[in-house]
Amino acid sequence: MGNTAAATAANLAASEALAVGERELGLMRRALAAAEAAGGRGEVPVGAVVAIGDRLIAEAHNERETGADPTAHAEILALRRAAAVLGSWRLNEADLFVTMEPCPMCAGALVNARIRRLYFGCDDPKAGAVRTLYSLVEDPRLNHRVEVVPGVLAAEGAALLRGFFSRLRRMPGTGER
């Protein structure tokens, strides 16, 4: 096993040992509520929150369609808002909760923001850059690694996404029905 693979395996074992308690479930429920709001606005239903301890610092959901901004993913917006509240881009005491596994752009932003720990819901088989396709946040070649706790309320996040895309496919003019 190479150094990268060994480090990833060690980080996987360590992160899966982290407990998910009422604090974590409550914060993920906030992210799920943000995701629901996104879906109601025609956005892909992904929500994110940033917290330090029990203090909620920032909350966001996808705004790519409404903002005509390809970078307006929930994680990016939550990181920007948290940095503004704290007056620093260094979020090394903060945890991010997001309803779906981050993409490469968002995973890179988590590393650059020095997020302490990432809690995510469902896997993203098409763009997941934390566990599914890549392991960016735990790559030992980078200057920071993020602890990862996968699968927090994953079924709820996945259900929001399935429902959203099912409704989208049934809409006239979208091709599939």
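Helix 4 (74–86), strand 3 (95–100) and helix 6 (154–170) each supply at least two residues to the lining of the largest pocket. Helices (H or I, at least four residues) and strands (E, at least two) are DSSP runs numbered from the N terminus. A pocket is an open set of points on a 1 Å grid over the protein atoms alone, where a 1.4 Å probe fits, with protein on both sides within 12 Å along at least five of seven lines; lining residues have an atom within 4 Å of a point. The model is predicted; local features need pLDDT of at least 70, side-chain atom pairs count only at pLDDT 80 or more, and totals for chains, interfaces and linings use all residues. Residues are numbered from 1 along each chain as its sequence is written, and side-chain values use heavy atoms, with hydrogens and water left out.

The largest pocket holds about 270 Å³ of space. Volume here is the space filled by probe spheres set on the grid points, which are joined across faces, edges and corners. The lining comprises 17 residues, and Val44, Asn62, His73, Met100 and Asp124 lie nearest the centre. By class, eleven are nonpolar, two polar and four charged. Ala, Val, Leu, Ile, Met, Phe, Trp, Tyr, Cys and Pro count as nonpolar, Asp, Glu, Lys and Arg as charged, and the others, Gly among them, as polar.

The second largest pocket has a volume of about 210 Å³. Met100, Cys122, Asp123, Asp124, Pro125, Lys126, Ala158 and Leu161 form its lining. Five of these residues are nonpolar, none polar and three charged.

The chain has six helices and five strands. From the N terminus, the order is α-α-β-β-α-α-β-α-β-β-α. Of its 177 residues, 42% count as buried. Buried means under 20% relative accessible area, exposed over 50%, and partly exposed in between (1.4 Å probe, protein chains only). Val149 belongs to strand 5 (residues 147–149). Its relative accessibility is 3%, so Val149 counts as buried. Val149 and Phe120 are 29 residues apart in sequence, with a C-alpha to C-alpha distance of 6.5 Å.

Two loop residues other than glycine have positive phi. Arg114 has phi near 65 degrees and sits in the loop between helix 5 (104–112) and strand 4 (117–122). Arg114 is partly exposed, at 22%. Leu153 has phi near 50 degrees and sits in the loop between strand 5 and helix 6. Leu153 is buried, at 17%.

Nine salt bridges were counted. A salt bridge is a side-chain nitrogen of Lys or Arg within 4 Å of a carboxyl oxygen of Asp or Glu. Arg23 pairs with Glu24 (3.2 Å, N to O). Arg23 also pairs with Asp95 (2.9 Å, N to O). Arg23 lies in helix 2 (residues 22–40) and Asp95 in strand 3, so this pair ties together parts 72 residues apart in sequence. Asp95 is buried, with a relative accessible area of 0%. Arg117 and Glu147 form another salt bridge (2.7 Å, N to O). This pair links strand 4, which holds Arg117, to strand 5, which holds Glu147, across 30 residues. Arg117 is buried at 12%, whereas Glu147 is partly exposed at 35%. Salt bridges with shared partners join Arg23, Glu24, Asp54, Asp95 and Arg116 into one network.
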